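I opened this entry to keep track of what I looked up. My notes follow in the order I made them.

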Amino acid sequence: MSDPERSSEPRPYHHGDLKTALLAQAEAILERDGIHALTLRGAARAAGVSHAAPANHFGDLTGLLSELAAVGFNRFSAALRAAVAAAGDEPSARAKAMGTAYVTFARAHPGLFLLMFRGERLDAARPALREAIEASRGALRAVATGFAAGGAKLPPLRLAAQAAAHWALVHGFSMLLLDGRLRGLIDSLPQGLGADELLDAVLETTRIGD
């Protein structure tokens, strides 16, 4: 009789929502080993199910990546909305809160964040991903509305430009930080200052309603 502790066969799944479990294992692989290490077989093995199980929920690897990106976008939009809601009604405070939450999410979930913006690896037609992306756009629009409130006399193009500039700023900062491109700049700061303080200073450069 084989020892179940030593068997290489996947263990039957007895924990409820298999799709959620596969996504959780896929995210763990993504964050630990990177996108190139994430496969349907790997997610199945980590969840203790047959290699065929993920195909029943996702179809192929693109489906798995797309559903995982949807999880990321939903989590991302919830973080942005919570930060903006906690910041109050002042447009500049809301914009800064959104920017901080944006970068904080990227730093906390770097693999997931990078996947979310890898359009060539995703199927944007999948309903879950499409809805999650729209939810995140809604969260970003909440800050754009704040720009309008803070600059009611500005023309629409200028307001749109401010919103786009703020988004580009925080997304670019996130990407540079994750890529290690800001390491030298951060290391050159006075002792006791780091990425958080640099981000605060960068966000202060965004002007609302001028």
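I began with Ala70. Leaving aside neighbours within four places in sequence, I found Ala70 in contact (heavy atoms within 4.5 Å) with Ala128, Leu129 and Ala132. I then looked up the spacing to one of these: Ala70 and Leu129 are 59 residues apart in sequence, and their C-alpha atoms are 4.5 Å apart in space. Ala70 sits in helix H4, residues 61–86; helices are DSSP runs of H or I with at least four residues, strands are runs of E with at least two, and both are numbered from the N terminus.

Is Ala70 buried or exposed? Ala70 is buried, because its relative accessible area is 3%; buried means under 20%, exposed over 50%, and partly exposed in between, with a 1.4 Å probe and protein chains only.

A note on the source: this is a predicted model, in which local features need pLDDT of at least 70, side-chain atom pairs count only at pLDDT 80 or more, and totals for chains, interfaces and linings use all residues. Residues are numbered from 1 along each chain as its sequence is written, and side-chain values use heavy atoms, with hydrogens and water left out.

I checked the confidence next. pLDDT is the predictor's confidence in each residue, from 0 to 100. The chain averages 87, and 85% of the residues score at least 70. Residues 1–14 have a pLDDT below 50, and this stretch makes 11 contacts beyond near neighbours in sequence. Where pLDDT is low, the predicted coordinates should not be read in detail.

I went on to the aromatic rings. The structure holds six aromatic pairs; rings of Phe, Tyr and Trp (its six-membered ring) pair if their centres lie within 6.5 Å, and planes under 30 degrees apart count as stacked, over 60 as edge-to-face and the rest as tilted. Phe76 and Tyr102 form an edge-to-face pair, 4.9 Å centre to centre with 80° between the planes. This pair links distant parts of the chain, with Phe76 in helix H4 and Tyr102 in helix H5 (residues 91–108), 26 residues apart. Phe76 is buried at 2% relative accessibility, and Tyr102 is buried at 0%.

The pair Phe113 and Phe117 is tilted, because the ring centres are 5.1 Å apart and the planes stand at 55°. Phe113 is buried at 0%, whereas Phe117 is partly exposed at 32%. I noted one aromatic cluster formed by Phe73, Phe76, Tyr102, Phe105, Phe113 and Phe117.

What does Ser174 touch, not counting residues up to four places away in sequence? Ser174 touches Tyr102, Val103, Ala106 and Phe113. I placed Ser174 in helix H8, residues 156–178, and found Ser174 buried at 1% relative accessibility.
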